[in-house]
Amino acid sequence: MTRPRPLARIAAWAVAGTVSLLFLYPYLWMALGSMRSTRAILSAPLRPWPEQWTLDAYIRLHEVAGVTLWRAVANSLGITLASTALAVGITAMGAYALCRRPGLLAFRFLRGGFLLTMMYPYMLLVIPVYIVMYRLHLLGGYTGIVLFLSLGPVQFFLFEQFFRALPAEVIEAATIDGAQEWDILWRVVMPMARPVVATVSIITFLLNWAQWFPVLVVSTTPDTYTLPVALLNLNGELGTDFQGIMALSVITTLPPAILFLIAQRRVIGGMTEGAVKG
Amino acid sequence: MTLLRHQDRVFYLFAAPFAALTLVFGLWPILLSIKVSLSESTTALARAPRFVGWENYATILADPLFAASLARTLIYTALAVAVNVGFALAYALLLNSDVIGRGRTFFKLAVFLPVVTPDLAGYVVWRWLYDQSFGALNAGLALLHLPGFGGIASPATAMLAVLIAELWHHAGFYVVIFLANLALCDKALAEAAAIDGASAWQRLRYVILPQLRPAILINLIYALIQFLKTFTVVVVMTKGGPNGATNFVSYFAYRLFDQGEYGQATAAGTILFAIVIGISALAYGLAKRGQA
């Protein structure tokens, strides 16, 4: 292979670097905005560091959109963690059953029905889901939100792909040893599936943390608002508290950003695989 | 064969929670939305709704606001798909080339980070970046002695402003799909073509792009579905405005829902669903036929 010419490398870096900086700039601006007063921003909009390092806006944020900040943080964590755990358990068992008995008529219908659901424009599904929640008396509570967020296509495709690639001998050997199906799933298959479980868990956490429309639709009071919904409300309020909006944006963005940077290989690999499969 | 063979029973049990969620939060709502779209709005949520047949669809289809919204959605989708997939392809080719060397991971993470950033937070920040009085964008343009950008305040530029914000959020996903495909490409082919005297453009056109067919297909279909449904960015940044410039179908339907016009809202939604399915099936079919 020929050694790349240094001039070509500098040009390539200049282009990729400019694009990267443009993509990252909103994060810097958001962080700065949370520390600078509106007046300061008006006089020097592009100043790359704050006049003073202050967390005042964060401290002032103790109440947003009718809930305490801590409640919104707890809601976000609780709803995201619970729906992630449920999604992993339910999808793993479902995908496993569908892979072990692909010929069953009921399972073929189930798979088809699931795929149809996932193709339906999400935001339009939420409207009839409101009616369903109303009929099941789940409006205003956490149960409805968590259950609704426990179903997703990426999760299903990743598990299905793993179970399909599982060598048949593994299960046969366990069957010959007289193991029950329940034990085969939990003692043999799931331990092997640990990497997929990790990938699906992280991706589901990232996706569900960002969810806002189902939360808004199912909520009847701000008590069940998550961070993105609180942010939407704060942003829509009259007499904008710009610093507060930026501070809440930072709080909403930071947890998934950190998780992603720690697990970036897994996240990018999993999302690519899930998409290519789907 | 009995319906429930003994050795299958346990698998029905495994699949039961998954099936329950699919039924309750998937198929039931879809059926409900079709039923609601055929009902009179004031009775749609009642136990015994009054059916009005295709009336809601007729009302929607005769509404010039819906026609304008649909046309706007299709124009925006065509533009957004072309810009996003085009940008992603160019950027992925750049990152994949040997000249980049070190720094490749950083350049990739920089464009993928917005994908996992909650879209709502990202669009809130963009909404303020565009702000005429203290947004950074116009200040930056002024610094470079470039003309100002109307952003979301002007009907002429609002769609472009939305497109840029959506590109920021979505393009990284298309980039990594292309990168995954490029990693599978046979580099020896391009090198052989180079030795045979093929220009860079010829190598791209005849050697690399044909190998990228799967990624192009996946990205086109994903982007089509994505941008036909554009919603969050409109809610956060423009509320369909100014002057209806960004009132896409999903937001149009949402507004109807908000006004209690459940019948018309779900009718508009069902029409959009049919378009999404139709266009993706068409794109898929065309791509398959081109492959054969």
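Which side chains meet in a salt bridge at 3.6 Å, N to O? Here are some friendly notes, starting with that pair.

1. The salt bridge joins Arg47(A) and Glu51(A), whose side chains come together at 3.6 Å, N to O. A salt bridge here is a side-chain nitrogen of Lys or Arg within 4 Å of a carboxyl oxygen of Asp or Glu. Please keep in mind that this is a predicted model, where local features need pLDDT of at least 70, side-chain atom pairs count only at pLDDT 80 or more, and totals for chains, interfaces and linings use all residues. Residues are numbered from 1 along each chain as its sequence is written, chains are lettered from A and ligands numbered from 1 in the order in which they are written, and side-chain values use heavy atoms, with hydrogens and water left out.

2. How exposed are the two partners? Arg47(A) has 28% relative accessibility and so counts as partly exposed; Glu51(A), with a relative accessible area of 40%, is partly exposed. The cut-offs are under 20% relative accessible area for buried, over 50% for exposed, and partly exposed in between, with a 1.4 Å probe and protein chains only. Arg47(A) and Glu51(A) also belong to a network of salt bridges that includes Arg36(A). Over all chains, the whole structure holds ten salt bridges.

3. Helices here are DSSP runs (H or I, at least four residues), as are strands (E, at least two), numbered from the N terminus. Glu40(B) is partly exposed at 28% relative accessibility, and Arg50(B) is partly exposed with a relative accessible area of 45%.

4. Another chain B salt bridge pairs Asp131(B) with Arg127(B), the closest N and O atoms being 3.8 Å apart.

5. Setting aside residues up to four places away in sequence, Val125(B) touches Pro26(A), Trp29(A), Met30(A), Met246(A) and Ser249(A), where contact means heavy atoms within 4.5 Å. Along its own chain, Val125(B) is 111 residues from Val236(B), and their C-alpha atoms are separated by 9.8 Å.

6. Gln264(B) sits in helix α13 (residues 262-291) of chain B. Buried or exposed? Gln264(B) counts as buried, with 16% relative accessibility. Apart from neighbours within four places in sequence, Gln264(B) is in contact with Ser41(B), Asn56(B), Thr59(B), Ile60(B) and Leu256(B).

7. Now to helix packing in chain A. Helix α4 (residues 69-100) and helix α13 (residues 227-236) of chain A have axes that come within 8 Å and cross at roughly 140 degrees, which makes α4(A) oblique to α13(A). Axes are lines fitted to C-alpha atoms, for helices over the stretch in contact, and angles run from 0 to 180 degrees between N-to-C directions. Angles under 35 degrees count as roughly parallel, over 145 as roughly antiparallel, 65 to 115 as roughly perpendicular, and the rest as oblique. Leu69(A), Ala72(A), Val73(A) and Ser76(A) of α4(A) meet Leu227(A), Pro228(A) and Ala230(A) of α13(A). By class, this contact has six nonpolar, one polar and no charged residues. Ala, Val, Leu, Ile, Met, Phe, Trp, Tyr, Cys and Pro count as nonpolar, Asp, Glu, Lys and Arg as charged, and the others, Gly among them, as polar.

8. In chain B, helix α3 (residues 64-96) and helix α7 (residues 158-184) pack at an angle of about 45 degrees, with axes 7 Å apart, and that makes α3(B) oblique to α7(B). The residues of their contact divide into 22 nonpolar, three polar and two charged.

9. Finally, helix α9 (residues 168-176) and helix α10 (residues 181-192) of chain A cross at roughly 155 degrees, their axes coming within 11 Å, so α9(A) is roughly antiparallel to α10(A). Val170(A), Ile171(A), Ala174(A) and Thr175(A) in α9(A) meet Ile184(A), Val188(A), Val189(A) and Met192(A) in α10(A). The contact counts seven nonpolar, one polar and no charged residues.
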